[in-house]
Structures are given as C-alpha cells and as structure tokens.
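Colleague: Please take a close look at one part for me: the interface. Then set it against the rest of the model.

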Number of protein chains: 2
Amino acid sequence: MIVLVDMDSVLADFEAGFLARLREKHPELPSIPLGQRVTFKVREQYVPLFGDYFGEIIKSIETENGFFRALPAVAGSIEAVLEIAKKNDVFITSSPLKEQKYSAPEKYEWIGINIGAEWKQRLILTYDKTLVKGDILIDDKPEIAGLAKPPQWEQVLIDWPYNRHVNGKRRINRDWSDWKEILPELV
Amino acid sequence: MIVLVDMDSVLADFEAGFLARLREKHPELPSIPLGQRVTFKVREQYVPLFGDYFGEIIKSIETENGFFRALPAVAGSIEAVLEIAKKNDVFITSSPLKEQKYSAPEKYEWIGINIGAEWKQRLILTYDKTLVKGDILIDDKPEIAGLAKPPQWEQVLIDWPYNRHVNGKRRINRDWSDWKEILPELV
C-alpha cells in the first residue's frame with residue numbers, strides 16, 4: 001500500500017516546538033498548554049484569547065530561521081514509520097508555510113536529521129494533498145479538502161484535542177502506540 | 001482537465017540561466033550553446049567533454065543563493081499556462097535539487113515573481129511525479145519513472161535537443177507557440 005504521512009504534529013512536533021520557543025522568546029506572555037490546544041492552527045486559539053498582537057508573535061516564531069529544523073520528533077512516530085515502510089511505500093506529504101523561505105528547505109533538513117538522508121526523496125510538498133496518490137493519509141488536520149473529491153486515500157487521524165470532534169475516521173494515539181491495532185493492513 | 005506543468009526548462013529557463021551564469025562567473029571556461037545541449041542533465045554533457053572538475057563548477061552555480069530566483073522565463077510559456085488555466089486546473093510539479101536550501105524556496109519565489117503570488121499555492125515539489133494526479137504532464141524530461149506504473153497522466157514533451165530521440169509522445173515547441181494545435185482538448 002502507499003501510505004502518506006503528514007509532517008507537522010504527526011512526525012515533527014510543531015506544537016511542542018512552538019510552545020517551547022514562545023516561552024523562551026517571550027516569557028512574559030501567556031501560553032496554552034498542549035492538552036488545551038483546541039484549534040488546528042495556533043493562531044485560531046491564541047489570537048481570540050490574547051489579542052491581535054499575537055498574530056505577529058506567532059508569525060515571527062514560525063518563520064524564524066531554524067524553527068522547523070529544530071522541532072522535536074513526535075515520540076514513537078519515527079519508529080512506527082520505519083516499521084510501516086518495511087511492507088509499504090511511505091511518502092511524507094506536507095504543506096509549507098506561506099513564507100516558504102525557511103519552512104520548505106527545513107522540512108527536507110528535518111527529515112534528514114530525524115529519519116535519514118535517503119528519506120528526503122520521499123517528501124512531497126503540496127498545498128493540495130488530494131492530488132497525491134495513496135491508500136492511506138495519516139494526518140492530524142480535521143478535514144482535508146482539495147480538488148479531487150473524494151480523495152483516493154482514506155484519512156486516518158493522529159489524535160489531538162483539536163480533532164476530537166471528528167467522527168467516522170480511524171484515529172491513532174498521538175504517540176503512535178496503537179498503530180498496529182488501528183491499521184492492521186500495514187503490518 | 002488537470003494539467004501538470006514542469007518548471008525547469010519548461011517555465012523557468014534553467015538552461016539559459018545556467019549558460020549565462022557559467023559565462024559570467026567563469027569566462028575562461030568552455031561552454032555549450034543551447035542548441036547543442038544533448039543530455040537532460042547539464043553535468044552529463046559537460047563532465048565527459050571537459051573533465052571531472054566541471055562537476056563542482058556546475059554544482060556551485062546551481063546551488064548558489066539566487067540562481068533559481070533569477071532564471072528567465074521561457075518565452076511564451078507564462079502566457080500559454082495562463083490561457084490553459086482559464087479552462088483547466090493547472091499545477092506546477094517540480095523536483096528541487098538534492099541541495100534544497102535555495103532551490104526549494106526559490107521555486108516558490110520564482111512563481112510569485114513570474115506568474116503571480118496566488119500561483120505559489122499551485123506548486124507541488126516532488127521527486128516522484130507519477131504520484132501526482134493529473135491528465136496531462138507537460139515536461140521536458142525524456143522518460144519519467146516512479147512508483148505508479150503506468151502514471152495516470154499522459155506526458156507531453158517540451159521540445160529540446162536532449163529529448164528528440166523520444167518517439168510516441170506529443171511534443172510542443174520550446175516557445176509553446178503550437179500548444180493549441182498539439183493540445184486542442186485544453187483550449
């Protein structure tokens with residue numbers, strides 16, 4: 001099978017990296033613990049809670065040289081993906097920020113650092129994942145829309161508070177601990 | 001229809017940009033006029049002709065900060081793509097260099113400069129184009145292989161000396177002047 005795997009908050013812990021950088025760079029500002037992050041995008045929760053000025057603060061962190069490169073790996077994710085890749089064709093599908101200057105190349109770098117240099121060839125950067133051929137897409141985004149309706153893949157969620165309202169999709173723990181039970185066809 | 005369009009030597013004139021930069025940076029070195037470029041990759045012709053040292057010279061030009069951003073547009077290509085996009089869904093599919101640091105983000109920049117900022121959303125960076133859904137792929141590469149065999153799209157060539165040996169594929173002039181005759185289904 002062809003398995004597509006999203007990057008941010010699935011392999012690369014964007015949420016943890018953002019929170020750590022926010023607290024480091026702006027210790028005087030409020031922050032939201034990971035367990036309470038209930039919107040898909042950081043700004044959708046921070047800006048209404050704390051004010052418009054947070055938009056610029058978020059942008060300045062996300063677009064920083066080195067922010068993506070330094071994101072920690074989601075615990076359990078790399079081991080799971082390497083095991084899935086033994087019997088399946090795995091590709092990593094990710095949408096860079098609108099400011100691609102660091103976000104795009106650092107996604108390749110992150111893969112080289114955290115999975116292996118040969119895996120850089122497996123990264124597909126796209127703003128429309130419905131155009132990518134696959135059987136399963138493992139992604140934390142609640143709904144994934146695009147030109148191909150319906151997409152040919154089945155979306156499987158990585159569980160986060162901000163996608164708990166979604167019903168009818170298979171769901172893997174955030175630490176990937178139950179992927180073999182949830183996706184037995186990949187074992 | 002979904003039309004995928006390659007970038008290097010199809011929209012962005014990689015060959016012209018490389019030749020100009022080579023002559024500018026190394027006026028003492030030999031160079032190959034565009035009409036005599038008979039291999040798909042620059043190094044496949046330069047290195048056997050002029051020696052191994054040319055490999056490093058080519059790499060240093062291709063990976064330069066600003067090289068991709070400054071490539072000229074292929075004459076006729078942007079007008080053709082904008083017209084095709086009136087009646088079709090167009091996406092730009094491109095493989096960055098293995099050194100993605102400038103090549104990946106500058107492909108987005110190039111599109112913003114030469115086509116329009118909203119077109120950046122239509123760029124798909126992938127090393128395997130057979131995984132991208134489409135009806136037609138306009139690409140200068142003689143053979144395009146990947147995981148999906150056969151790909152679902154039909155490849156249409158942009159004519160270059162290095163792909164003249166390919167038979168059985170529709171072919172558009174390098175200046176796109178005959179695209180409406182060759183691809184009437186897109187008009």
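Modeller: Two residues are in contact if their C-beta atoms, placed from the backbone, lie within 7 Å. On that count, the interface takes 17 residues from chain A and 17 residues from chain B. Three elements of chain A each give at least two residues to the side that touches chain B: strand 2 (89-94), helix 5 (100-114) and strand 3 (123-125). Helix 5 of chain A has the largest share of that side, with 5 residues. By type, the side of chain A that touches chain B splits into 11 nonpolar, 3 polar and 3 charged residues. Here Ala, Val, Leu, Ile, Met, Phe, Trp, Tyr, Cys and Pro are nonpolar, Asp, Glu, Lys and Arg are charged, and the others, Gly among them, are polar.

The model is predicted: local features need pLDDT of at least 70, side-chain atom pairs need 80 or more, and totals for chains, interfaces and linings use all residues. Residues are numbered from 1 along each chain as its sequence is written, while chains are lettered from A and ligands numbered from 1 in the order written.

Behind the interface is the fold. Chain A has 6 helices and 6 strands, in the order β-α-α-α-α-β-α-β-β-β-β-α from the N terminus. These are DSSP runs, numbered from the N terminus: helices are H or I of at least four residues, strands E of at least two. The C-alpha atoms of chain A fill a box of roughly 50 × 35 × 35 Å along the principal axes. Among contacts in chain A between residues at least 6 apart in sequence, 58% join residues at least 24 apart.

Chain B shows a strand covered on both faces. In strand 4 (136-139) of chain B, Ile136(B) and Ile138(B) are buried on one side, Leu137(B) and Asp139(B) on the other. Strand 4 pairs in the parallel sense with strand 1 (2-5) of chain B over 3 bridges; pairing takes at least two DSSP bridges. There, Val5(B) stands opposite Ile138(B). Strand 5 (154-158) of chain B also runs parallel to strand 4, joined by 4 bridges. Here Ile136(B) stands opposite Glu154(B).

Note on methods
Buried ≥ 20, exposed ≤ 12 C-beta atoms within 10 Å, placed from the backbone.
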